[in-house]
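The stops below go from a loop to the ligand site and then to a set of strands.

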Amino acid sequence: MARTRIIIDTDPGVDDAVAILMALASDQLDVVALTAVAGNSPLEDTALNARRLVALAKRPDVIVAAGCAEPLTPTNYVGGDVHGQDGLGDLVWDEPDVQLDSRHGVDVLRDLILEAPTTVVAIGPLTNLAVLAQRYPEVVAKVERLVIMGGASFHGNVTAAAEFNIWFDPEAADEVFKQPWPITLMPLDLTHQAFLNDEDLERLRTQGNEVGMRTANMLEAYAVFHQQWYGNRNVIMHDAMAIYELLNPQAIVKQGVVVQVETQGQHSRGATLIDRGMQHSQSHVLVGCEVDNDTFRSVVHQLLSSYR
Ligand code: BDR
Ligand code: CA
């Protein structure tokens, strides 16, 4: 079967790391590039983390490029401690033997999308993709599919209304959802159904490879955050849902919707209004609704244990 050619637009991020390592392990996916964006941490950290992950996976063939350092409307946010100070749980890393591509991440996206049919997986704020659509509108029709982790119907995770990736750059998200590319959205309502527990972390730690050990150690910082924030150590695999969708399209129940992004609002800036009415069943935007966590967990273990 032909592999799906993908670019991952990302702000690693511990859950980004799991998503990226899953994608790089899969023989169903041809990961051609990681384009970094500011989000969980400033761009210089997210770009470094992308290089670290590609080096960890021993995949120097994957292009790594730095994209936008600021959201369309600049913010004072400089990263929290959800993913540790460095974005990957504050482990000790060697200098990665993978260099940054000399092009801007948005230009890498343009060049690679024009080269061959490509799916874009967006697991950070949508700044790079909004700039891509604004600067190179001819590229939009060439994107085979855009799978996004972001948004929420029921409850945000930065404010009551807004999920982080959309909250960080609502104007970019607004631009992206106004474009006609086929979008599949993985909001918090779905991603909170997918998590790894302490047994999973132990299994990763003892599976006998560097990827498993490091992933478990990265996830430890994330588990501490989850304990403080949600009252238990189950680590929610937000970004991995976007990759899981490509690996097994049947695994996530989806429905056609229309999404609007709130860019104003005294209390609701960054909210995603997901209209799930039947009249939108044929929409070019799908939203993920349900997933079985045990099947997902087994796929994580199968992929991450395949590293040598
Ligand atoms: C999203 O925000 C980030 O902290 C995660 O990496 C994920 O992309 C979840 O709201
Ligand atoms: Ca992310």
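Helices (H or I, at least four residues) and strands (E, at least two) are DSSP runs, numbered from the N terminus. With that in hand, select Lys58, which lies in the loop between α2 (43-56) and β3 (63-66). Lys58 is not a glycine, yet its phi is positive, at about 55 degrees. Most residues other than glycine have a negative phi, and most peptide bonds are trans.

This is a predicted model, in which local features need pLDDT of at least 70 and side-chain atom pairs count only at pLDDT 80 or more, while totals for chains, interfaces and linings use all residues. Residues are numbered from 1 along each chain as its sequence is written, chains are lettered from A and ligands numbered from 1 in the order in which they are written, and side-chain values use heavy atoms, with hydrogens and water left out.

Next, go to Gly13, in the loop between β1 (4-10) and α1. The peptide bond from Pro12 to Gly13 is cis, with omega near -5 degrees.

Now select ligand 1 and the shell around it. The shell has 13 residues, of which Asp15, Asn40, Asn157, Glu163 and Asp239 come nearest; a residue is near if one of its heavy atoms lies within 4 Å. Helices α1 (14-25) and α5 (164-168) each supply at least two residues of this shell. By class, the shell divides into 4 nonpolar, 5 polar and 4 charged residues, where Ala, Val, Leu, Ile, Met, Phe, Trp, Tyr, Cys and Pro count as nonpolar, Asp, Glu, Lys and Arg as charged, and the others, Gly among them, as polar.

A side-chain N or O atom of Asn157 is 2.8 Å from an oxygen atom of ligand 1. For the side chain of Asn165, the distance from such an atom to a ligand oxygen is 3.0 Å. At Ile123 a backbone N or O atom is 3.1 Å from an oxygen atom of ligand 1.

Finally, select strand β9 (residues 252-261). Strands pair if DSSP finds at least two bridges between them. β9 runs antiparallel to β11 (residues 285-291), joined by 6 bridges, and Lys254 stands opposite Gly288 in β11. β9 is also antiparallel to β10 (residues 272-275), with 4 bridges; there, Val261 has Thr272 as its bridge partner.

Conventions
Polar contact = N/O pair within 3.5 Å; in protein donor to acceptor, adjacent residues only side chain to side chain.
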